[in-house]
Number of protein chains: 2
Amino acid sequence: MNKVVLTADRPSGKLHLGHYVGSLVHRIQLQKDHRPYIMVADVQALTDNFEHPERVAENILEVTRDYLAVGIDPHKATIFVQSQVPELTEMTVYFLNFVTLARLERNPTVKAEIAQKGYETSLPMGFLCYPVSQTADIVAFKTDIVPVGEDQLPMIELSNEIVRRFNRIYQTEVLKEAEPLVGKVGRLVGIDGKEKASKSLNNAIFLADSPEDIRQKIFSMFTDPHHLKVSDPGTVEGNVVFTYLEAFHQDKEEVAALKAHYQRGGLGDTAIKERLNTTLQTFLAPIRERRAPLKDADLKEILHTGTQEARKVAQITLQEIRTAMHLCYF
Amino acid sequence: MNKVVLTADRPSGKLHLGHYVGSLVHRIQLQKDHRPYIMVADVQALTDNFEHPERVAENILEVTRDYLAVGIDPHKATIFVQSQVPELTEMTVYFLNFVTLARLERNPTVKAEIAQKGYETSLPMGFLCYPVSQTADIVAFKTDIVPVGEDQLPMIELSNEIVRRFNRIYQTEVLKEAEPLVGKVGRLVGIDGKEKASKSLNNAIFLADSPEDIRQKIFSMFTDPHHLKVSDPGTVEGNVVFTYLEAFHQDKEEVAALKAHYQRGGLGDTAIKERLNTTLQTFLAPIRERRAPLKDADLKEILHTGTQEARKVAQITLQEIRTAMHLCYF
């Protein structure tokens with residue numbers, strides 16, 4: 001296959017299980033026979049962290065550490081830092097011409113995020129424009145596939161719209177449409193069961209969490225509020241413990257049996273939480289162990305090399321874009 | 001004084017008398033004892049010409065030709081092309097974080113332009129964001145003074161707001177506020193008397209217009225529609241011929257006398273138009289003569305040299321911005 005795959009994370013905190021099931025697990029698979037670019041999206045992270053840029057700077061190495069810990073191989077994947085490929089900002093400014101305000105405001109992902117962050121009349125333009133910046137990221141590397149959570153599908157749609165509009169106006173095929181690849185779980189709910197897991201909502205289990213933190217978070221998980229006694233029949237839909245068991249427990253038959261038992265009554269919340277704790281501790285221990293010894297200097301070297309590689313490719317695409325737009329004079 | 005002065009023109013057509021009184025005349029004065037940067041704003045021109053980039057490309061040399069024809073000296077002024085200083089687009093993307101959608105929509109200049117162009121729900125983001133791109137242009141060169149038409153004052157205000165916000169958030173003095181310098185006429189009305197002179201409204205006299213075109217445009221000028229007979233008293237307010245006489249006729253006493261005569265009756269429209277024709281032909285003939293022999297290759301060389309100079313300065317500012325934003329990792 002050897003298709004180009006682009007993925008990214010905002011370095012506004014360490015990565016968590018939501019990132020794992022939504023994206024990291026695919027990357028590990030995809031690096032076997034594809035050409036992955038993995039972007040540490042610091043410019044995008046600044047759109048809602050511009051008042052605290054030190055948070056973004058600090059987390060660039062932490063996110064890279066998470067990548068290596070889950071098994072991403074820098075010899076197979078190009079790991080790079082968004083801000084160090086300035087060609088992306090130039091493309092962003094050009095692409096702003098190919099999308100209307102109304103179209104951006106209609107984007108369901110952006111709409112949900114605006115509501116969640118409580119912007120309204122104080123919506124920063126950088127935040128409103130970030131889907132256009134994402135389009136630049138996608139097209140710069142002639143991306144074929146973008147693994148995404150379901151909630152990010154409208155972003156790929158918007159990006160492809162900009163691509164088609166650009167190619168049509170300039171009668172060119174310089175820009176390439178990308179295909180979304182939605183994960184089997186895609187969007188992982190937070191431990192509170194309300195929203196997707198995220199650092200800002202403080203409802204996520206991080207890849208680097210200590211065994212104690214993991215256990216504590218599991219025991220605070222939302223289950224079935226009507227399941228008061230062990231003998232009561234319980235509901236598995238919307239029960240976060242079962243959602244996580246389905247996502248992380250290897251033995252699918254055992255999960256089905258646990259669900260059936262819980263539904264007919266006789267299986268307590270403590271018991272299923274202990275089961276999940278064993279599952280997640282087993283899953284996260286080796287990641288935490290691979291994470292610990294990784295040195296800052298080595299991570300920087302990996303990012304530096306990856307960024308140089310990414311920049312070379314982006315420069316070629318930018319030159320093609322400039323040519324299509326008649327922006328070559330001397 | 002030796003202050004940094006930034007001016008710019010969108011290369012969407014040749015320059016006209018509106019550009020002259022609003023900006024060019026100041027530049028010629030300012031280059032005597034200041035440090036002028038003159039930007040051919042092709043990226044900005046693309047925001048409302050992106051479907052016809054060839055128009056922008058074609059007019060880059062025409063605008064430069066106009067600069068030299070009116071007396072701008074490339075040894076005193078740095079004439080450069082916006083798109084060839086990509087540092088400006090990078091600054092633009094960062095500065096989008098420091099302005100809200102509501103603030104941009106409230107900008108009177110942008111509001112008027114949106115109405116004039118009939119955007120509405122189809123407002124392209126590139127157009128809405130161009131004041132932020134202008135902020136990048138202004139701060140990149142540590143600009144002290146921006147000569148503007150009165151209608152552009154809200155742009156400088158917005159730019160200074162972004163500057164103050166950036167400096168406050170990052171506890172820095174990297175960005176410099178700019179002072180607007182409004183011309184004595186500032187905004188020149190078009191020959192139709194309705195709007196300011198502009199290429200898109202087809203109501204402007206161009207610096208490169210032929211003597212016949214100039215005469216024809218003057219004779220189609222809006223005067224006083226109630227001034228039917230020569231003997232009738234006429235109105236000079238809103239009478240385009242007098243507006244242009246005031247702007248271009250050297251002998252201010254003669255203009256005052258003509259106005260008084262017209263107001264009390266006895267001075268016909270043909271007579272004042274002939275007077276203006278003599279004035280403008282005298283004014284424009286030497287410009288047209290200096291314009292004609294300028295070779296494309298020489299103009300390109302001037303732009304190339306100016307762009308290299310401008311880029312060096314912009315790179316220094318960008319590095320300061322990146323440092324303030326913690327965007328330096330390796």
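This is a predicted model: local features need pLDDT of at least 70, side-chain atom pairs count only at pLDDT 80 or more; totals for chains, interfaces and linings use all residues.
1. In chain A, T143(A) sits in the loop that runs between α8 (130-140) and β4 (145-148). T143(A) counts as buried because 23 C-beta neighbours lie inside 10 Å of it. Beyond its neighbours within four places in sequence, T143(A) is in contact with V4(A), L6(A), I138(A), K176(A) and A178(A). By contrast, G238(A), which is 95 residues from T143(A) in sequence, lies 35 Å from it in space, C-alpha to C-alpha.

2. In chain B, strand β4 (residues 145-148) directs I145(B) and P147(B) one way and V146(B) and V148(B) the other way, and all of these residues are buried. This strand, β4(B), pairs with strand β5 (residues 179-182) of chain B in the parallel sense, over four bridges. For P147(B), the bridge partner in β5(B) is L181(B).

3. Where the two chains meet, 43 residues of chain A are in contact with 43 residues of chain B. On the side of chain A that touches chain B, the elements giving two or more residues are α2 (42-46), α3 (53-70), α4 (87-95), α5 (101-106), α7 (125-128), α8 and α14 (296-324) of chain A. The largest share of that side, five residues, comes from α3(A). By residue class, the side of chain A that touches chain B divides into 27 nonpolar, 12 polar and four charged residues.

Terms used:
Residues are numbered from 1 along each chain as its sequence is written. Chains are lettered from A and ligands numbered from 1 in the order in which they are written. A residue is buried if 20 or more other C-beta atoms lie within 10 Å of its own, exposed if 12 or fewer, and partly exposed in between; C-beta atoms are placed from the backbone. Two residues are in contact if their C-beta atoms, placed from the backbone, lie within 7 Å. Two strands pair if DSSP finds at least two bridges between them. Ala, Val, Leu, Ile, Met, Phe, Trp, Tyr, Cys and Pro count as nonpolar, Asp, Glu, Lys and Arg as charged, and the others, Gly among them, as polar.
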